[in-house]
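Visitor: Hi! I'm new to this one, could you walk me through it?
Guide: Happy to, let's open it up and take it piece by piece.

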Amino acid sequence: MKLMEIKTDYTAIFKSRPNRYIAEVDIPELNLENEEIHVHDPGRLKELLYPGNKIKIKKANNTKRKTKWDLIAAEKGSEEIMINSAYHRNISYFILNNENINPFGKLRNIKAEVKYNKSRLDYLVEDAKNNKIWIEIKGCTLTEDGVAKFPDSPTLRGTRHLEELIEIKENGEEAAIILLVFGKSECFRPNKETDTKFAETFHKAMKVGVKIYPIQLSYENGIISYEGILPICE
């Protein structure tokens with residue numbers, strides 16, 4: 001099912017990543033070398049951003065910005081993996097607004113960026129029975145041997161969000177985490193090899209009743225499509 005269109009302008013060749021938010025690339029179609037582009041994803045992305053790999057870029061809307069280009073996706077075999085987290089809000093909003101594919105059915109109200117303690121969680125929604133559900137969205141780009149894994153780098157923020165969802169559930173309200181999985185996968189599990197604390201907190205969240213929904217997405221020819229909900233790996 002088509003969710004939204006995210007077109008790109010050029011194919012570039014990745015060269016290096018001086019810091020988390022900047023990459024240097026060549027753009028053969030424009031005869032540009034060592035061009036700086038913006039990377040809107042703090043993950044390591046080592047399996048996607050390596051010298052020589054083809055990536056898809058888009059001209060930035062803000063002409064006054066230092067970097068003129070945004071990184072949108074990278075090739076991985078026959079796939080294009082979207083790695084721009086700026087689009088996670090729009091993608092998740094499309095899912096939540098469609099009662100046929102969102103895990104909660106018809107929703108009466110959807111609020112984004114709702115404050116909880118010292119954080120802001122991505123959504124607070126109300127279902128058809130007036131139940132409040134707190135939802136956090138995470139993007140998952142790492143897939144190894146058919147297994148989607150999150151995170152690909154240690155995330156104190158991600159662990160804190162899980163702890164807050166656990167607290168919400170223990171206080172009597174509903175809580176859930178939606179993982180937007182961008183690489184073709186058979187199941188999902190937390191990446192304990194990269195972040196043991198996150199994995200431990202993830203399993204605790206499942207135990208107390210926080211709902212976990214890894215949603216398989218695809219990105220092809222500029223189209224983000226919904227492919228279904230993945231199981232949790234045993």
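This is a predicted model: local features need pLDDT of at least 70, side-chain atom pairs count only at pLDDT 80 or more; totals for chains, interfaces and linings use all residues.

Visitor: How many bridges link S5 and S6?
Guide: Five, with S5 (residues 54-59) and S6 (residues 69-76) pairing in the antiparallel sense.

Visitor: What holds strands together in a sheet, in general?
Guide: Backbone hydrogen bonds do the pairing, in either a parallel or an antiparallel way.

Visitor: What does UniProt list for residues 17-83?
Guide: An unreviewed UniProt entry lists "domain: SfsA N-terminal OB" there. In the model, residues 17-83 are 0% helix and 51% strand, with the end C-alpha atoms 14 Å apart.

Visitor: And what does UniProt place at residues 88-220?
Guide: The feature from that record is "domain: Sugar fermentation stimulation protein C-terminal", again from an unreviewed entry. Residues 88-220 are 28% helix and 43% strand, and their end C-alpha atoms lie 16 Å apart.

Visitor: Switching topic: how many salt bridges does the structure hold?
Guide: There are 12. One of them joins Lys15 and Asp26, whose closest N and O atoms are 3.6 Å apart. That pair links distant parts of the chain, with Lys15 in S2 (residues 10-19) and Asp26 in strand S3 (residues 22-27), 11 residues apart.

Visitor: Is Asp26 buried or exposed?
Guide: Asp26 counts as buried because its relative accessibility is 18%, and the cut-off for buried is under 20%. Lys15 is partly exposed, with a relative accessible area of 34%.

Visitor: Which residue does Glu126 meet in a salt bridge?
Guide: Arg108, at 3.4 Å from N to O. Arg108 is exposed, at 53% relative accessible area.

Visitor: Now helix H2. How far apart are its end C-alpha atoms?
Guide: They are 21 Å apart, which agrees with the 21 Å that its 15 residues (156-170) should span at 1.5 Å a residue.

Visitor: Which residues of H2 are buried?
Guide: Among them are Gly158, His161, Leu162, Leu165 and Ile168. What covers the buried residues of H2 includes S8, S9, strand S10 (132-140), strand S13 (174-181) and helix H3 (196-208).

Visitor: What comes just after H2?
Guide: Just after H2 you'll find Gly172, which takes a positive phi of about 105°.

Visitor: Which strands does H3 lie across?
Guide: H3 lies across S12 and S14, running at about 115° to S14. Those two strands belong to an open sheet of three strands with mixed pairing, in the order S11-S12-S14.

Visitor: Which strands stand at the edges there?
Guide: S11 (142-144) and S14 (187-190); each has a single partner strand, so one side of each is left without a neighbour in the sheet. The twist averages 35° from one strand to the next.

Visitor: How many bridges join S11 to S12?
Guide: Three, and the two strands run antiparallel. In that pairing, Leu142 stands opposite Lys149 of S12.

Note on methods. Residues are numbered from 1 along each chain as its sequence is written. Side-chain values use heavy atoms; hydrogens and water are left out. UniProt positions are given in the numbering used here, feature names are shortened, and annotations may be inferred rather than shown by experiment. Helices (H or I, at least four residues) and strands (E, at least two) are DSSP runs, numbered from the N terminus. A salt bridge is a side-chain nitrogen of Lys or Arg within 4 Å of a carboxyl oxygen of Asp or Glu. Buried means under 20% relative accessible area, exposed over 50%, partly exposed in between (1.4 Å probe, protein chains only). Two strands pair if DSSP finds at least two bridges between them. The expected span of a helix is 1.5 Å times one less than its number of residues. Contact means heavy atoms within 4.5 Å. Axes are lines fitted to C-alpha atoms, for helices over the stretch in contact, and angles run from 0 to 180 degrees between N-to-C directions.
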